[in-house]
Amino acid sequence: MSKCRVAIIGAGAAGLCAARHILARPKTFASPVVYEQTEHVGGTWFYEDCVETSDSGRRFHSSMYRNLRTNLPKEVMMFPDLPFEVHLPSFLPHQDVQNYLERYCKHFEITPHIKFTTAVAEVKPITMEMGGKTTQAWEVTSCDKYGTQNTDTFDSVMICTGHYSDPHIPPIPGLEYFKGKVMHSHSYRYPEPFAGQSVIVFGAGASGIDISIELQQAKAQVTLSHAKPMLTFPLPQGILQTPPLTRVLEDGRVQFLGGFLATAEVLIFCTGYNFRFPFLNPDELQLSIRDHLVAPLYRFILPPAFPSLFFIGVCKSICPFPHFHCQVQFALAVLDGEVNLPSQEEMEQEVQNFVDRKTALGVLERHLLRMESEQWSYYQSLADSGGFSPLPPVIQSLYEEVARQRKKHPQNYRNANYRLVTDTQWESFKKTH
């Protein structure tokens with residue numbers, strides 16, 4: 001029996017994880033082919049100072065800013081099969097995460113299987129006749145940096161392209177009248193150019209709060225505009241909270257919900273990202289791909305009509321590397337027959353039931369892929385179905401503790417250091433240099 005051939009699109013954390021687990025199953029799977037459009041691994045963790053299109057016409061991919069530190073400790077962030085280096089603090093600069101991914105790649109000998117500077121142009125389902133049986137396969141057409149096209153055939157495709165590279169700017173009436181600089185956090189790198197300027201930051205997620213604090217420390221006048229209830233944790237003095245901006249008037253002033261008006265020199269949208277898979281034909285795959293949603297995906301991973309295509313990591317508000325670790329192993333369990341999937345109709349109905357339940361609770365479409373506290377039972381269910389070891393309970397326990405500290409002390413929670421003691425116990429400690 002021939003081995004299963006899998007194409008992996010993207011050599012960020014999810015793609016490296018997929019390659020690592022395929023390489024660990026040489027009896028069932030052929031060596032993977034990893035397509036990576038850049039010259040390096042790491043995906044969004046590879047910091048680029050440049051925020052323009054490259055010489056090759058490639059849009060910059062990373063959304064890292066210079067001073068970013070992780071908002072999860074390394075003890076929670078790590079892949080379960082390779083810890084971060086012990087001497088590092090719990091909350092890391094992005095460079096340390098990039099170094100970790102390069103070490104992961106080297107440790108599991110993934111690099112020989114990566115086609116660098118090779119962009120995927122098309123992923124197309126095909127049917128093949130083998131031994132009198134019709135099977136589903138995939139044609140992957142790629143293009144290298146010299147413009148040479150190549151088409152190869154695979155039994156399965158894992159899409160690991162992330163969702164932090166296509167900025168989402170919501171439709172704000174009159175935005176064209178704004179007289180200053182309009183940008184998305186995707187293009188933000190450091191605060192110094194904004195010193196002394198009046199800046200409206202729109203969105204109070206992790207990036208919006210971090211960037212607001214950075215700008216205030218650089219002596220910008222910061223207005224943090226968002227649709228959440230008023231943040232009750234201590235923000236630095238000088239950051240003004242307002243309701244969401246609703247429109248820009250013809251004279252360039254910004255209007256907020258409630259009618260309050262303000263002027264500003266810079267408007268930074270911290271409003272998330274769109275899903276973007278230019279190499280797919282969604283209609284052919286019976287998928288709907290909208291700004292904040294890919295549907296239907298059974299178990300948030302595979303389209304019911306094409307169960308050998310896997311989207312790794314489309315969910316949000318998650319613990320990313322452990323999330324990829326579980327999704328990849330479930331996908332491989334599907335491919336090697338350890339998981340018997342329900343029928344297409346049953347899978348579609350399960351997805352619809354989920355959407356109906358969330359909608360009844362008032363969850364907006366753009367938030368349907370936010371997992372938050374539901375991620376832990378999700379990982380357990382994937383492990384139960386796929387027959388692999390579940391995440392140890394200590395990961396959830398520490399994740400939830402850090403979330404509490406982040407809300408209480410948004411400026412200082414990263415000063416803490418943690419270590420895992422057992423599968424169920426962690427402890428905090430003072431790090432000595």
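Colleague: Before I dig in, how many helices and strands does the chain have?

Modeller: Eight helices and 20 strands. Bear in mind that this is a predicted model.

Colleague: What share of the residues counts as buried?

Modeller: 51% of the 433. As for contacts between residues at least 6 apart in sequence, 63% of them join residues at least 24 apart.

Colleague: Let's talk about the core. Which residues touch the most other members of the largest nonpolar one?

Modeller: Met158, Leu215, Phe311 and Phe321, out of 122 residues in that core. Helix α5 gives the most to this core, with nine residues. There's another core lying apart from it, with 13 residues, including Leu175, Phe202, Leu245 and Val254.

Colleague: What does Phe311 touch?

Modeller: Leaving out residues up to four places away in sequence, the contacts of Phe311 include Ile159, Phe277, Leu280, Leu287 and Val294. Leu297, Phe300, Ile301, Pro303 and Gln327 are also among them.

Colleague: Back to α5, then. Where is it, and how far does it reach?

Modeller: α5 covers residues 320–335, which is 16 residues, and the distance from its first C-alpha to its last is 23 Å. That's close to the 22 Å expected at 1.5 Å a residue.

Colleague: Why say α5 is largely enclosed by the rest of the structure?

Modeller: Because 14 of its 16 residues are buried.

Colleague: What follows α5?

Modeller: Gly337 does, with a positive phi near 85 degrees.

Colleague: New topic: sheets. What's the strand order in the one with β5?

Modeller: β4-β5-β6, an open sheet of three strands with antiparallel pairing. The edges are β4 (118–130) and β6 (149–154), each pairing on one side only. Ignoring direction, neighbouring strands there are turned by 20 degrees against each other on average.

Colleague: How many bridges are there between β5 and β6?

Modeller: Six, in the antiparallel sense, with β5 taking residues 133–144.

Colleague: How many bridges join β12 to β13?

Modeller: Three, between residues 245–248 of β12 and residues 254–256 of β13. Val248 sits opposite Val254 in β13, and Val254 also belongs to that 13-residue core.

Colleague: What's in the turn of that hairpin?

Modeller: Five residues lie between β12 and β13, and Gly252 in the turn has a positive phi of about 95 degrees.

Methods: Residues are numbered from 1 along each chain as its sequence is written. This is a predicted model: local features need pLDDT of at least 70, side-chain atom pairs count only at pLDDT 80 or more; totals for chains, interfaces and linings use all residues. Side-chain values use heavy atoms; hydrogens and water are left out. Two strands pair if DSSP finds at least two bridges between them. Helices (H or I, at least four residues) and strands (E, at least two) are DSSP runs, numbered from the N terminus. The expected span of a helix is 1.5 Å times one less than its number of residues. Buried means under 20% relative accessible area, exposed over 50%, partly exposed in between (1.4 Å probe, protein chains only). A nonpolar core is a set of buried Ala, Val, Leu, Ile, Met, Phe, Trp, Tyr and Cys residues joined through side-chain atoms within 4.5 Å. Contact means heavy atoms within 4.5 Å. Axes are lines fitted to C-alpha atoms, for helices over the stretch in contact, and angles run from 0 to 180 degrees between N-to-C directions.
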